[in-house]
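The sequence and structure are shown first.

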Amino acid sequence: MGSLQNKSVSTAVGVALGAAALGGALAAGARCIQLVRTRAGRARVKVLKLEDGSEVRVLAQGGVFQSATYLGERWSEPVFEYIRAFDTMFEALPQMRAWYAHGIGRVLMLGGGGFSYPKALLATRDDVWMDVVEADPAIVQMARRWFYLDRLEQEVGPRLGICTEDARVYLERISMEGAQPVFYDVVISDVFAGADPVRSVATVQALQRVREHLTPGGLYMANIVSRDHGTDISFLRDALASALRVFAHASVIQTTDEELGEEDNYLLIASDEDYSFADAIAYGEDFPGEPLFD
């Protein structure tokens, strides 16, 4: 088991919530095939070739790869390691079933992007339903045209629900008095605007909303990315502190792509239940930073 205690941390606060930062060699070799105007600014759809010869289509914005997809038969297979790491949720499944008499049947994902994880999850598990909240209709249209979202919708039908709304607004709306109760076994946050963090979904108040809509023993998961070539993980520390203000337990897993990024990705998992995750990194009591508030 690794340790976060020796990680160099700068005093800057803030980190991109999203995929890996552009690797220099890969960025130089990418072929642009489309420009997309989004709420966060101009984005580019590019095609690049990986070291194993595979071609992937990526959405590049704000200095990061925000989404990626293999072409052809591998259309639903995740490209990024952090996307594959979301399946860590299923390590909690045996205890969840034993202790709470339910499994993982309904998942909420905040941030759609190229719908990488919805493709991976719904194409391989026919017992799971997923709601995806994506603020930008242009991103949803781009995902349908370039990232196989249209194919996913055709294949899984009503098991995929898409809401074009700000993620925090969605959490507040389903929490309003009189709203129909909505509960999820897992809530995933993969929300970002270019290379900038979306702080509003990482605060204590936002996580309180998340917790209100989790089933007993449910999980909150968030993808968090470092800054300054992995030396600045201050947002991870603050997000961890926020999670521990709301949930009884929180784990951190490193999910870095060596080939596709210059930054480190971390998966934050929080729950009121003390689940054990195989790749969790040990951290000390002084590691959590300052909780984030609205």
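How do the axes of helix α8 and helix α9 cross, and within what distance do they come? The axes of α8 (residues 204-212) and α9 (residues 234-246) come within 9 Å and cross at roughly 50°. The model is predicted, with local features needing pLDDT of at least 70 and side-chain atom pairs counting only at pLDDT 80 or more, while totals for chains, interfaces and linings use all residues. Residues are numbered from 1 along each chain, and side-chain values use heavy atoms, without hydrogens and water.

In the contact (heavy atoms within 4.5 Å), V204, L207, Q208 and R211 of α8 meet S242, A243, R245 and V246 of α9. By class, this contact has four nonpolar, two polar and two charged residues.

A second pair is formed by α5 and α6, which are roughly perpendicular to each other. V140, A143 and R144 of α5 make the contact with L149, D150 and E153 of α6, and these residues divide into three nonpolar, no polar and three charged.

| Helix pair | Axes come within | Crossing angle |
|---|---|---|
| α8 and α9 | 9 Å | roughly 50° |
| α5 and α6 | 5 Å | roughly 80° |

The strands include an open sheet of seven, in the order β7-β6-β5-β8-β11-β13-β12, with mixed pairing (at least two DSSP bridges between paired strands). β7 (160-163) and β12 (249-254) are at the edges with a single partner strand each, so one side of each has no neighbour in the sheet. Within the sheet, β5 (residues 106-110) and β6 (residues 129-133) pair in the parallel sense over five bridges; M109 has V132 in β6 as its bridge partner.

Conventions:
Axes fitted to C-alpha atoms, helices over the stretch in contact; angles between N-to-C directions. Helix = DSSP H or I, 4+ residues; strand = E, 2+ residues; numbered from the N terminus. Nonpolar A, V, L, I, M, F, W, Y, C, P; charged D, E, K, R; others polar. Parallel < 35°, antiparallel > 145°, perpendicular 65-115°, else oblique.
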